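Look at the model below. This report covers its aromatic rings first, then a pair of helices.

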Amino acid sequence: MKISVKDLKRKLLTDQTNKTHIQLFRYFFTGGAAFIVDFSSLFFLTYFLGIYYLVSAAIAFVFGLIINYFLSISWVFNRRTINNRKIEFGAFTLIGIVGIFLNELFIWFFTENIQIYYLSSKIIAAVIILFWNFFARKYALFR
C-alpha cells in the first residue's frame with residue numbers, strides 16, 4: 001500500500017493519534033519550542049540579569065514547562081486520563097518538578113564536575129529530560 005505525501009503530512013502533523021511514534025515525533029517539535037523558550041530564558045536571566053545559573057535554570061525550565069503543556073494538549077496528545085484541566089496541569093507540573101530536579105542535577109554535574117559551559121550542560125540535560133517528560137506524561141496523563 002502506497003501512501004501519498006499529503007496523507008503522510010496529515011498523519012504526522014494534523015490528525016489526532018494515539019500512536020506513540022507519531023506522538024514522539026510531534027513531541028520533538030513541542031519539546032524543541034519549549035527548549036527554545038527555556039534556553040533563551042536561561043541565557044537572558046544569567047547573562048543579562050546576572051542571576052546564578054542554577055536559579056536561572058529553574059526559572060527558565062518553568063517557562064518551558066508552560067509552553068510544553070499547551071502545545072502537548074493541543075497537538076501531541078489527544079486522549080486524556082484526567083478530565084479536570086487544573087488537576088491535569090497539576091499532574092503535568094509534578095512530572096515537570098521531577099524534570100526540574102533532573103535538569104538542575106545534570107546542569108550542576110556537567111558544569112561543576114566536568115567543567116562544561118553551563119549552556120552546553122543545558123543542552124545535554126534537555127536531551128535526557130525530553131525522554132523522561134514524554135514517556136512519563138504519555139503514560140501518566142495521556143493514555
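## Aromatic pairs

The whole structure holds 22 aromatic pairs. The model is predicted. A pair of aromatic rings is described by the distance of the centres and the angle of the planes.

Take Y27 and F134. Their ring centres lie 5.3 Å apart, with 55° between the planes, and the pair is tilted. Y27 sits in helix α2, while F134 sits in helix α5 (residues 118–141). The two are 107 residues apart, so distant parts of the chain are linked by this pair. Both residues are buried.

Now compare F43 and F48. Their centres are 5.8 Å apart and their planes stand at 85°, so this pair is edge-to-face. F43 has 29% relative accessibility and therefore counts as partly exposed. F48 reaches 53%, so F48 counts as exposed.

## One cluster

Which residues form one aromatic cluster? They are Y27, F77, F134, F135, Y139 and F142.

## Helices α2 and α3

Helix α2 covers residues 20–48, and helix α3 covers residues 53–76. They pack at an angle of about 150°, with axes 8 Å apart. Angles over 145 degrees count as roughly antiparallel, so α2 and α3 are roughly antiparallel to each other. Their crossing is right-handed. The contact of α2 with α3 has 17 nonpolar, nine polar and two charged residues.

## The length of α2

Helix α2 has 29 residues. At 1.5 Å a residue, α2 should span 42 Å. Its end C-alpha atoms are 40 Å apart, which agrees. Just after α2, G50 takes a positive phi of about 70°.

Conventions: Residues numbered from 1 in each chain as written. Predicted model: local features only at pLDDT ≥ 70, side-chain atom pairs only at ≥ 80, totals over all residues. Heavy atoms only, no water. Axes fitted to C-alpha atoms, helices over the stretch in contact; angles between N-to-C directions. Helix = DSSP H or I, 4+ residues; strand = E, 2+ residues; numbered from the N terminus. Parallel < 35°, antiparallel > 145°, perpendicular 65-115°, else oblique. Left-handed = near helix turned anticlockwise from the far one by under 90°. Nonpolar A, V, L, I, M, F, W, Y, C, P; charged D, E, K, R; others polar. Expected span 1.5 Å × (residues − 1). Phe/Tyr/Trp six-rings, centres within 6.5 Å; stacked < 30°, edge-to-face > 60°. Buried < 20%, exposed > 50% of the residue type's maximum accessible area, 1.4 Å probe, protein only.
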